[in-house]
Amino acid sequence: MLFLVYYVKHITREVQPFEPFAILGLDPAASEAEIKKAYRRLSIQYHPDKNPDPEANKYFVEYISKAYQALTDPAARENFAKYGHPDGRQGLQMGIALPEFLLNVHGPSGGILLLGIVGVCILLPLMTAVIYLSRSSKYTGNHVMHQTLSSYYYFMKPSLAPSKVMDVFIKAAEYVDMPVRRSDDEPLQKLFMVVRSELNFDPKNLKQEQAKFWKKYPALVKTELLLLAQLTRESTAVPFGLQSDFRHVLQLAPRLLEELMKMAVVARNDQGHGWLRPALGVMELSQSIIQAVPLSARKVAERNANAGVLTEGIAPFLQLPHFSEAVVKKLGRKKVRTFQDLREMTPNDRMDLLIQSGFSDIEANDVETVLDMMPSITIAVTCETEGEEGIQEGDIVTLRAWISLKRGNGLTAALPHAPYFPFHKEENYWLLLADPVSNNVWVSQKVSFMDEATAVTAASKAIQESLEGSGASVKEINVAVKDAVEKVKSGSRLVMVKFQAPAESTYNLTAYCLSDTWIGCDKKVIVKLKVAKRSRAGTRAMIAEEGPVQEDGIEEEENEEDEGTYDDYESEYSDDEEGEPEEKSRTGKHANGKSHVGNRSSGTDSGSDTDEA
C-alpha cells in the first residue's frame, strides 16, 4: 500500500501527445519548404555530428527526425493521421486518476488520507468479494450446503423406515452448525417434557432411552426437539430464547427436504434406480412438517372396519380446521372409514355430519373452505418406444405422464392451507415410477402447478420434439401441440422422461404422484410394462400370446387394499411385504409391450394402502 501511494505521487507522469508541428516550431499551415528549412535549422543545433550531448542526440532521433518524417514521408504521414504517431499504433499507458488536492497535500497527512481512500474504495470491496465467494462455494444452487448433500447421501439407506427419516433429516450441516448455548439447557429440558411422547421411547427402558437421547450431539438434540414442537403444534411451548432457532429450523426445512428427496431417488445401481421406501418417508415427513401433524397420527390403531372405527390414521383429518382426535373418533362411529370417504360426500351431507358431530355452522363452513382448496389428482401414464411397436430390452423407453389437478374452488395454482407453518410455501409434487417389491425408483421428476407459462412452453417443446422424431407431419404436430397447450391451461402438467428398458420380463410398476404439502391427496396407479427379448434381426415384431388381446395393449388394474398390522409407524403408501420374492413383480401378460394407464385407472389416495413395508 505504501508503495502504491509513493508511485501515484512521485513516479507516474502524464503522457504527452506527439505534435510534429510544435516540435519543429511551425504553424500547422506551414508549407513543405518551411518544414525542410526548420528541419535543417534544428539539425545544426541537435544533430550528433554537431552536438555531442547525449540528450541532444536522443531528442534529435526521437522527436525531430520523427516529426520531419511524419510531415514528409507518405507512410509515416499515414500512420500519423491514423494513430497520432509516425511509427504507427503505440502501447497504451494506464494511470490512476486522483483528485489534484490529494497529490498537493504535503507531509504525512496526504499519504494517510490517500491510504484511507484506497483502503475503503479498493481493499474493502475486494475483501467483501473474497469472503462472499468463499462462502458461496459451500452452497449448491438451491442454497443448501455441499456438506449437507454428502451427509444425506451417506446416511440414506434403502431400508430406511419412514419413522427413521427424521434421524437423517436433522443431520444437515445447517442444523449441525446451529449454536447450542448454555442458556438453552433449561428451555430444552422443558420442551423435551412437552414432546417426548413423539420420541417413541421403549416404556420398559425409559431411563436408558432418555439418557441415550441426551448423549447425542447437542445441535441434533436441539433440532429434533424444535421439529417435534412443530409436529405436535406446541410452538407456544417453545421458550422465548429458542424462538429464533425454531423459526430458523422451519425456514430451512422445505429446501432441505427437497434435497433429501433427491438423495433418496438418486441413481444407486447400474440401472440408475433410486430407492422407493426412503423417498415415501421423506414426502410423509414434509407433509407432516407443513401441516404440523405428528408422525404418530399416521399410525393405524385399529384395522377392523366392522368395529365402527377408522381404517386409516387420523393424520389427513388433522389438517382440517377445528378437527381433533376426539372429532375423528366420532366420525368413525358414523361410518366414515377414511378421509376419502369424507371428501367424496356431498357438501350438504358433509355439513349435516359435521353439525351432528358438534361443529357450529361457521366451523363447518371453515372445513368446507379448506376441502375446496385441497387438490384431486389424476394420472395418465404411457410407456413406449418412439417409432416402434412394443418394447424390447435395451430400448430407450419414453414415459409420458399427464398429471391433472382439480380443486373444488376451481383454482389450479394456489398456496396450501398451512396455518401452523410460518413461512411462504408453494405446492410441489413428485412423480415416481417405481417397483414397490424391489424398492427401486425407475423415474423421478418434480412437478409444479404454479407457473402455467413455463408449463405451456415445456409441454409444447416436448410434444413437438417427440413427434418430429417419429416423422409426424407438420399438421399432426400442430394439432398435438394445440391439444397439449389446452390440457396445461385446464390444469394438467406433462412429464416426459426417457429410460432404458431392462431385461426381458413383465414388470408390475406403480406410478406415484406425491404432494410435499397436503396429506391424503397423493395418487398412485399400476403400470404394467412388458419388455420383449430383443430379436436377432433387430425387428420390433409384436409378441403373440394366448388369450384375447386388448386393443392397443391397454390394460387397467385396480389397486388392491391389503390389510396388515403395525408395530411402529410405517409408510402409508407401501404395498410390499418383507421377504416377498422379487419375481412376483414380473408376472402377468401384456399384448404388445406398450403400457398405458388412463385416468380411469384406480389409484389409492394417501392413506388407502397401509400394508407393512
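Q: In what order do the five strands of the open sheet lie?
A: Strands of a sheet pair through backbone hydrogen bonds, either parallel or antiparallel. In this predicted model, the pairing within the open sheet is antiparallel. The edge strands, each pairing on one side only, are strand S1 (274-275) and strand S8 (523-531).

Q: Which residue of S5 is the bridge partner of Gly-274?
A: S1 and S5 run antiparallel and are joined by two bridges. Two strands count as paired if at least two bridges are found between them, so the two bridges of S1 and S5 are enough for a pair. Within S5, the bridge partner of Gly-274 is Val-441.

Q: What angle does the direction of helix H15 make with that of S7?
A: Helix H14 (residues 243-265) packs on the sheet, where it touches S1, S4 and strand S5 (440-447), and its direction makes about 15° with that of S4. Helix H15 (residues 276-291) packs on the sheet too, touching S1, S4, S5 and S7. The direction of H15 makes an angle with that of S7 of about 15°.

Q: Which residue takes a positive phi in the hairpin of S4 and S5?
A: The hairpin of S4 and S5 has four residues between the strands. A positive phi near 65° is found in this hairpin, and the residue that takes it is Asn-439.

Q: Why does H19 count as oblique to H20, and at what angle do they pack?
A: Two packed helices are described by the angle between their axes and the distance between the axes. Helix H19 (residues 347-356) and helix H20 (residues 361-373) have their axes 9 Å apart, and H19 passes H20 in a right-handed crossing. Angles over 145 degrees count as roughly antiparallel and those from 65 to 115 as roughly perpendicular, so H19 is oblique to H20 at an angle of about 135°.

Q: How many residues of the contact of H19 with H20 are charged?
A: On the side of H19, the contact is made by Pro-347, Arg-350, Met-351, Leu-354 and Ile-355. H20 contributes Asp-361, Ala-364, Asn-365, Val-367, Glu-368 and Leu-371. These residues divide into seven nonpolar and one polar, while the number that are charged is three.

Q: What is the handedness of the crossing of H11 and H13?
A: The axes of helix H11 (residues 185-195) and H13 come within 10 Å and cross at roughly 45°, which makes H11 oblique to H13. Leu-188, Leu-191, Phe-192 and Val-195 of H11 meet Lys-222, Leu-225, Leu-226, Leu-228 and Ala-229 of H13 in this contact, and the residues divide into eight nonpolar, no polar and one charged. The crossing of H11 and H13 is left-handed.

Q: How far apart in sequence are the parts that the pair Lys-222 and Asp-245 ties together?
A: The side chains of Lys-222 and Asp-245 meet in a salt bridge, at 2.5 Å from N to O. Lys-222 lies in helix H13 (residues 218-231) and Asp-245 in helix H14, so the pair ties together parts whose separation in sequence is 23 residues.

Conventions:
Residues are numbered from 1 along each chain as its sequence is written. This is a predicted model: local features need pLDDT of at least 70, side-chain atom pairs count only at pLDDT 80 or more; totals for chains, interfaces and linings use all residues. Side-chain values use heavy atoms; hydrogens and water are left out. Contact means heavy atoms within 4.5 Å. Axes are lines fitted to C-alpha atoms, for helices over the stretch in contact, and angles run from 0 to 180 degrees between N-to-C directions. Angles under 35 degrees count as roughly parallel, over 145 as roughly antiparallel, 65 to 115 as roughly perpendicular and the rest as oblique. A crossing is left-handed if the near helix is turned anticlockwise from the far one by less than a right angle, and right-handed if clockwise. Ala, Val, Leu, Ile, Met, Phe, Trp, Tyr, Cys and Pro count as nonpolar, Asp, Glu, Lys and Arg as charged, and the others, Gly among them, as polar. A salt bridge is a side-chain nitrogen of Lys or Arg within 4 Å of a carboxyl oxygen of Asp or Glu.
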